[in-house]
Amino acid sequence: TVKAKIWLAGAYLVANAQMSNTLNTNNLLHLEQPFNREPWQYTGTETLNTMPAGVTDWVLIELHNANNPLQIVAQRAALLYTDGSIRDIDGTNGVNFYGINTADTYYIAIKHRNHVGVISSIPISLPNNAAYDFTTSLDAVLHPSQLKPLASGIYGLFAADVDANGVVIVADFNG
C-alpha cells in the first residue's frame, strides 16, 4: 500500500486549506480512469459505479526503481480527495499495488491530467504507514522546482500542463 498526500494548484482553496470538488459535484469526472491515452498509455481497468463524494479528481500513482528513477515498476489509477489524500477506488486510504517486492524501496511518482507530475526525493519502503507528504516541504521532491508555493509552507503541483508533457508553455495556454 502506498499512502501519499498532494495538492493540485489549480484546485487548491487557500481559504479553507483543501481542494475544490467542483468537477465532481458537476458530474464532470469520468467513472473510468482517464490515463489510457497519450502520454500515459496506462492500461489499468479502474472503474467506478458512482463517483464518491469528496473526490477532486483522478491521479496516476507510479512506483519507480530505486536504482533507476526513470524505470516505472508499477502503476495504478486512484482518487484524489479534497483533503489531499489519495485513496484506492474502493475508498480505502492508500493505493494497493500487487506483485511488487516489498523488500525493495521505490520512488513514488504522482501524475495528473493537467498538472506537472512529481516524484519523491528518496525511495520509500512499502507499505508506508504514514502518508508521504508532497505538500509541506520542497525537500519532498527530487527537485524543488517540481512544486509550486500555494501559501506559506504549503506546496502543490503546478497547474496548466494541458498536454501533460511535463512543461508548461504557451501551447498549454492555447489548449
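**Close-up views of a predicted model**

**View 1. Arg 76 and its surroundings.** Leaving aside residues up to four places away in sequence, Arg 76 touches Tyr 42, Glu 46, Val 59, Leu 60, Ile 61, Asp 88, Val 95, Asn 96, Phe 97 and Tyr 98. This is a predicted model, so treat every distance here as computed from predicted coordinates. Arg 76 sits in strand E5. Its relative accessibility is 13%, under the 20% cut-off, so Arg 76 counts as buried. For a polar partner, look to Asp 88: the side chains of Arg 76 and Asp 88 make a polar contact at 2.8 Å.

**View 2. Ala 78, also in strand E5.** Ala 78 belongs to strand E5, and with a relative accessible area of 0% it is buried. Val 59 is 19 residues away from Ala 78 in sequence, yet their C-alpha atoms are 5.4 Å apart in space. Val 59 also turns up in the contact list of Ala 78, together with Asp 57, Trp 58, Ile 61, Ile 86, Arg 87 and Val 95, again not counting residues up to four places away in sequence.

View 3. Nonpolar side chains tend to be buried together in soluble globular proteins. Here the largest nonpolar core has 33 residues. Ile 6, Ile 61, Leu 63, Ile 86 and Ile 110 are the ones with the most contacts inside it. At least two residues of this core come from each of strands E4 (55-65), E5 (72-81), E7 (105-112), E11 (147-151) and E12 (154-157). Zoom in on Ile 61 and you find it touching Val 2, Ala 74, Gln 75, Arg 76, Ala 78, Ile 86, Val 95, Phe 97, Ile 108, Ala 109 and Ile 110, not counting residues up to four places away in sequence.

**View 4. A second core and an aromatic pair.** A second, separate core has 13 residues, among them Trp 40, Leu 48, Met 51 and Ala 164. The structure holds three aromatic pairs, and Trp 40 is in one of them, with Phe 35. Their ring centres are 5.1 Å apart and their planes meet at 85 degrees, so this pair is edge-to-face. Both Phe 35 and Trp 40 are buried.

View 5. How far apart are the ring centres of Tyr 132 and Phe 134? The distance is 4.9 Å, and with the planes at 65 degrees the pair is edge-to-face. Tyr 132 and Phe 134 are both buried. Tyr 81 has a charged neighbour instead: Arg 87 lies over the face of its ring, 3.8 Å from the ring centre.

**View 6. Asn 24 in helix H1.** Helix H1 covers residues 22-25 and includes Asn 24. Is Asn 24 buried or exposed? At 10% relative accessible area, Asn 24 is buried. A polar atom of the Asn 24 side chain lies 2.8 Å from the backbone oxygen of Pro 52. Pro 52 is also among the residues that Asn 24 touches, along with Leu 29, Met 51, Ala 53, Gly 54 and Val 55, not counting residues up to four places away in sequence.

**View 7. The E11-E12 hairpin.** Strands E11 and E12 run antiparallel and are joined by four bridges. Pro 149 stands opposite Tyr 155 in E12. Two residues lie between the strands of this hairpin, and Gly 153 in the turn has a positive phi of about 75 degrees.

How values were computed:
Residues numbered from 1 in each chain as written. Predicted model: local features only at pLDDT ≥ 70, side-chain atom pairs only at ≥ 80, totals over all residues. Heavy atoms only, no water. Phe/Tyr/Trp six-rings, centres within 6.5 Å; stacked < 30°, edge-to-face > 60°. Buried < 20%, exposed > 50% of the residue type's maximum accessible area, 1.4 Å probe, protein only. Lys NZ or Arg CZ within 6 Å of the ring centre and 35° of its normal. Core = buried A, V, L, I, M, F, W, Y, C linked by side-chain atoms within 4.5 Å. Contact = heavy atoms within 4.5 Å. Polar contact = N/O pair within 3.5 Å; in protein donor to acceptor, adjacent residues only side chain to side chain. Pairing = 2+ DSSP bridges.
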